[in-house]
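Subject: Structure handover

Hello,

Here is the structure we talked about. My notes follow below it.

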Amino acid sequence: MNSTVPKRIHIIGSVGSGKTTLAKELSIMLEIPYYELDNVVWRRCNSGDKRRSEEERDEHLFRIIQSPSWIMEGVHNEDWVSNSFHQADLIIFLDTRYSLRTYRIIKRFFKQKLRLEKSNYRPTLAIFFKMFKWNRHFEEVGKVNFFSKYGMLHDKTAVITNNNGITELFKANNR
């Protein structure tokens with residue numbers, strides 16, 4: 001990886017891996033806007049979320065990645081996201097421990113139910129249990145798919161397993 005500060009960053013990881021937290025922190029630190037892929041898929045409305053059509057979703061993502069700087073975060077690695085990976089200067093793959101992600105899912109749910117943390121969705125028991133399912137699916141399928149599809153981008157991909165990895169990555173980029 002080169003030593004310039006990246007202007008287009010794609011963060012991928014499972015539910016509870018720390019994608020949104022990292023995206024927010026990097027956005028402030030680098031003064032680059034961040035976007036959640038879930039908000040590319042869903043149009044957030046007071047009356048409830050509305051799924052964008054595939055064409056709307058693709059156009060929305062295209063507009064974002066055409067800008068000179070962005071941070072994209074999400075669990076998605078399907079074909080519709082491919083251009084984001086290819087256009088990124090840096091891909092951060094958050095590979096945090098499965099047990100830590102499980103803990104974070106539980107902690108997030110209770111914080112959201114107690115209204116201590118905002119969410120883009122209504123924190124129901126159904127969503128709570130789906131998060132465990134999505135976490136397992138990412139571990140068994142999503143991770144394999146990512147490296148199978150985007151392994152050729154290894155020169156701009158950083159696999160991070162803990163907070164120290166992020167610190168080291170940005171120290172190296174600021175030398």
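Leu116 sits in the loop that joins α5 (98-113) to α6 (125-150). Helices here are DSSP runs of H or I with at least four residues, strands are runs of E with at least two, and both are numbered from the N terminus. This is a predicted model, in which local features need pLDDT of at least 70, side-chain atom pairs count only at pLDDT 80 or more, and totals for chains, interfaces and linings use all residues. Residues are numbered from 1 along each chain as its sequence is written, and side-chain values use heavy atoms, with hydrogens and water left out.

Surface patch

Leu116 is exposed, at 62% relative accessibility. The classes are: buried under 20% relative accessible area, exposed over 50%, partly exposed in between, with a 1.4 Å probe and protein chains only. Together with Ile106, Phe110 and Leu114, Leu116 makes a nonpolar surface patch of about 430 Å². Patch members have over 30% relative accessible area and no salt bridge; like charges are joined within 9 Å, and nonpolar side chains (Val, Leu, Ile, Met, Phe, Trp, Tyr) within 5 Å. Areas come from the Shrake-Rupley method with a 1.4 Å probe, and for residues only the protein chains shown count as cover.

The sheet

Five strands form an open sheet. Their order is β2-β5-β1-β6-β7, and the pairing is parallel. Strands count as paired if DSSP finds at least two bridges between them. β2 (34-36) and β7 are the edge strands; each has a single partner, so one side of each lacks a neighbour in the sheet. From one strand to the next, the twist averages 20 degrees. Axes are lines fitted to C-alpha atoms, for helices over the stretch in contact, and angles between N-to-C directions run from 0 to 180 degrees.

Now β6. Five of the five residues of this strand (residues 90-94) are buried, so β6 is largely enclosed by the rest of the structure. Leu90, Ile92 and Leu94 point one way, while Ile91 and Phe93 point the other way.

β6 pairs with β1 (residues 8-13) in the parallel sense, over five bridges. Here Ile11 has Ile92 as its bridge partner, and Gly13 stands opposite Leu94. β6 also pairs in the parallel sense with β7 (residues 157-160), over four bridges. In that pairing, Leu94 stands opposite Ile160.

Two helices to look at against the sheet:

- Helix α3 (residues 54-65) lies across β2 and β5, at about 140 degrees to β5.
- Helix α4 (residues 82-87) holds Asn83. Asn83 is partly exposed, at 47% relative accessible area. From Asn83 to Gly48 is 35 residues in sequence and 29 Å in space, C-alpha to C-alpha.

Salt bridges

Side chains of opposite charge can pair when their charged atoms come close. The rule used is a side-chain nitrogen of Lys or Arg within 4 Å of a carboxyl oxygen of Asp or Glu. That gives nine salt bridges.

Arg8 and Asp89 form one of them, at 2.6 Å from N to O. Arg8 is in strand β1 and Asp89 in the loop between α4 and β6, so the pair ties together parts that are 81 residues apart in sequence. Arg8 is partly exposed, at 23% relative accessibility. Asp89 is partly exposed too, at 30%.

Lys143 and Asp95 form another, with the closest N and O atoms 2.8 Å apart. This pair links distant parts of the chain: Lys143 is in helix α6, Asp95 in the loop between β6 and α5, and they are 48 residues apart. Lys143 is buried, with a relative accessible area of 17%. Asp95 is partly exposed, at 22% relative accessibility.

Lys143 also meets Glu139 in a salt bridge, at 3.2 Å from N to O. Both residues lie in helix α6, four residues apart, about one turn of the helix. Glu139 is partly exposed, with a relative accessible area of 24%. A network of salt bridges links Asp95, Arg101, Glu139 and Lys143.

Best wishes

Notes. Contact = heavy atoms within 4.5 Å.
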